[in-house]
Amino acid sequence: LERVGLYVPGGKASYPSSVLMNVIPAQVAGVGSLAICTPAPGGKLNPHVLVAADMLGVEEIYRIGGAQAVGALAYGTKTVRKADKIVGPGNIWVATAKKLVYGDVDIDMVAGPSELLVVADGNADPAHAAADLLSQAEHDELAVSILVTDSAEVADKVRLEVEKQIDSLPGRDRARAAIDGQGLIIVTRRLEEAFDIVNAVAPEHLEILVEDPLSWLPSIRNAGSIFLGPDTPEPVGDYLAGPNHVLPTGGTARFSSTLGVDSFQKRSNVIYFSRRDLDRWGRDVAKFARLEGLEAHARSVLVRKPRR
């Protein structure tokens, strides 16, 4: 793509990691021009966001947030040149604005609040599962944290661990609102049923805290990013492991994928017929055109008279 606009959140928290996750695949893809829009509370940009942009050589940064940033990138202003695509996470206003401008420009996805679904068997460490669930809950009051397990004992212990750990969090008010509003523990009869639930929910993040997690990978059809085993907590995907932390939410993992290099590329069909090819296939093309009642299409082919 020729030009891409990157939205970097900066309201409740600042995310230099989003600069890296959006800019790097765009640069690998060969995007010619990159512009960052990010909120600037009090008129000041977050220094970590600036350093991340500087390390990657992005020099075009605008102190614009919210829906107005999406509008500027989609349609252009006297200051901001319009982009061909807008990517990056944001709040409900940003997501709705991206949805509204789609078609005039491309977007990566309409992303909602962060989600984590943890599948745990009877051998899972309850403290680990609880900490992972809270890692998503602290993002936003509307974040979704779900535990699915075939062990009633693990379910009870995780619930107690969540209550134990939540009070020591700096962002406990957000985490508490998310756990009370969207937190869920589901106990299944068999572990196989847990993966039926996974595929129905199609979570943004999926942790598999079970013995031999690789053996369950073929059972997963719908998930944004999959974290296998007890030593692969979701935050390693936020900050280190790839390919990206910009992921489909709200069940859209049923039909969409994580942001990647291919998100910044497009395809063109290239077609070349020789005279011999047209001689061989032209009448079939004309028959198809006439089948659809498009005589001019047929004549466009047949007017090119064969050599024989």
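Contact here means heavy atoms within 4.5 Å of each other. With that settled, one more thing before I start: this is a predicted model.

I'll begin with Ser-33, which lies in strand E2, residues 33-37. Is Ser-33 buried or exposed? The cut-off for buried is under 20% relative accessible area. Ser-33 has 14%, so it counts as buried. Setting aside neighbours within four places in sequence, Ser-33 is in contact with Glu-2, Arg-3, Val-4, Glu-60 and Arg-81. With one of these, Arg-3, the side chain of Ser-33 makes a polar contact of 2.6 Å.

Next, helix H4, which covers residues 92-101. Its buried residues are Val-94, Ala-95, Ala-97, Lys-98 and Val-101. Looking down the axis of H4, these buried residues fall within an arc of 160 degrees, so they line one face of the helix.

What covers the buried residues of H4? The cover includes strand E1 (3-7), helix H3 (66-75), strand E4 (85-87) and strand E5 (106-107).

Now the two ends of H4. At the start, a side-chain oxygen of Asn-91 comes to within 3.0 Å of the backbone nitrogen of Trp-93. Just after the helix, Gly-103 has a positive phi of about 110 degrees.

Helix H1 (16-29), H4 and helix H9 (235-239) each supply at least two residues of the lining. Which of the helices gives the most to the lining? That is H4, with 3 residues.

Last, the aromatic rings. The structure holds 1 aromatic pair. The rings of Phe-195 and Trp-216 have centres 4.8 Å apart and planes at 5 degrees, so the pair is stacked. Phe-195 is in helix H8, residues 191-201, and Trp-216 is in the loop between strand E9 (205-209) and strand E10 (225-228), so the pair ties together parts that are 21 residues apart in sequence. Both Phe-195 and Trp-216 are buried.

Technical notes: Residues numbered from 1 in each chain as written. Predicted model: local features only at pLDDT ≥ 70, side-chain atom pairs only at ≥ 80, totals over all residues. Heavy atoms only, no water. Buried < 20%, exposed > 50% of the residue type's maximum accessible area, 1.4 Å probe, protein only. Helix = DSSP H or I, 4+ residues; strand = E, 2+ residues; numbered from the N terminus. Arc of directions from axis to C-beta. Polar contact = N/O pair within 3.5 Å; in protein donor to acceptor, adjacent residues only side chain to side chain. Phe/Tyr/Trp six-rings, centres within 6.5 Å; stacked < 30°, edge-to-face > 60°.
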